[in-house]
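Me: I would like to learn how to read features from a structure. Could we work through some cases together?

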Amino acid sequence: MNLDFGVVWARWPELLMGLGGTLFLALSGMVLALMIGVLGVAVRRSGNRIGSALVIAFVELIRNTPFLVQIFFIFFALPLAGVRLNPTVTAIIALGVNGGAYAIEIIRGGVESIPKGQTEAGLALGLRPGEIFRRIILKPALRAVFPSLSSQFILLTLTTSIATSISAYELTSVAQRIDGDTFRSFEVYFTITAMYLALSWFIMSLFAVITRTVFTYPTR
């Protein structure tokens, strides 16, 4: 087998642009997932039975259906109801919704690990439940589960490759185009494998910085 990585190097700017698209989808999906996760936990703790039941149903629905089906539903089925979204927006929403379902359960585990005495102390200070959740419970809970949340978000980053199925602009879609032009499948996919690995390392390093700057403080 004669390898020629020159054809990949010639298209390197396109691959870098695709990597930028992947990073944009991943970070946007993470932000949306974190918002959904925090909101879902807040609703579950609110004491509203209907809201709590809806959150539980949402989590079960998303966690027990394939991501590919979810993104197809948003992109192909919602237009029948008059909701039309471009591939990039569809990918971000699908990633956020999928990641949010897992984030709800991860964050909920962290919240439930906080001693009840802290909630009682907040009530004794005259704080309302919402204020107790924001000021006393949320940050220690996120600190406790941040490693698990980070792993889930790295998995979410790699899941962006599925967005190529709806022609979203990201690294895998660019690689497919280059492969179709050059017929150098090994060289192209070997290269993007290394790029995905480097991206995962970059995001892990970013999360490590966040851990040191945001979640490092005395526990007592």
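Me: Does Phe183 count as buried or exposed, and at what relative accessibility?

Reply: Burial is read from relative accessible area, where buried means under 20%, exposed over 50% and partly exposed in between, with a 1.4 Å probe and protein chains only as cover. At 70% relative accessibility, Phe183 counts as exposed. Please keep in mind that this is a predicted model, in which local features need pLDDT of at least 70 and side-chain atom pairs count only at pLDDT 80 or more, while totals for chains, interfaces and linings use all residues. Residues are numbered from 1 along each chain as its sequence is written, and side-chain values use heavy atoms, with hydrogens and water left out.

Me: What is the phi of Phe183, and where is Phe183 found?

Reply: Most residues other than glycine have a negative phi. Phe183 has a positive phi, near 60 degrees, and is found in the loop between H8 and H9. Ser167 also has a positive phi, near 65 degrees, and is found in the loop between helix H7 (129-159) and helix H8 (171-182). With a relative accessible area of 59%, Ser167 is exposed.

Me: How many helices and strands are there in the protein?

Reply: Helices and strands are DSSP runs numbered from the N terminus, a helix being H or I over at least four residues and a strand being E over at least two. By that rule the protein has 9 helices and 0 strands, and its C-alpha trace spans about 70 × 45 × 25 Å along the principal axes. Of its 220 residues, 40% count as buried.

Me: Which residues does Thr22 contact, leaving aside its neighbours within four places in sequence?

Reply: Contact means heavy atoms within 4.5 Å. Thr22, which lies in helix H2 (residues 12-45), is in contact with Thr157, Thr160, Glu170, Leu171, Tyr196 and Leu199 once those neighbours are left aside. Thr22 is buried, with a relative accessible area of 0%, and a polar atom of its side chain lies 2.9 Å from the backbone nitrogen of Leu171.

Me: Where is Thr157, and what does Thr157 touch beyond residues up to four places away in sequence?

Reply: Thr157 has its place in helix H7 and counts as buried at 0% relative accessibility. Beyond those sequence neighbours, Thr157 touches Thr22, Ala26, Met30, Leu199 and Ile203. Thr157 and Ala26 are 131 residues apart in sequence, yet their C-alpha atoms are 4.9 Å apart in space. For the protein, residues 24 or more positions apart account for 78% of the contacts with a separation of 6 or more.

Me: Which residues does UniProt list for "domain: ABC transmembrane type-1"?

Reply: UniProt positions are given here in the numbering used for this model, with feature names shortened, and annotations may be inferred rather than shown by experiment. The unreviewed UniProt entry lists residues 19-207 for that domain, and over this span the chain is 81% helix and 0% strand, with its end C-alpha atoms 19 Å apart. In the unreviewed entry, the UniProt annotation "transmembrane region" covers several spans, including residues 15-42 and 54-77. Residues 15-42 are 100% helix and 0% strand, with end C-alpha atoms 40 Å apart, whereas residues 54-77 are 88% helix and 0% strand, with end C-alpha atoms 22 Å apart.

Conventions:
Polar contact = N/O pair within 3.5 Å; in protein donor to acceptor, adjacent residues only side chain to side chain.
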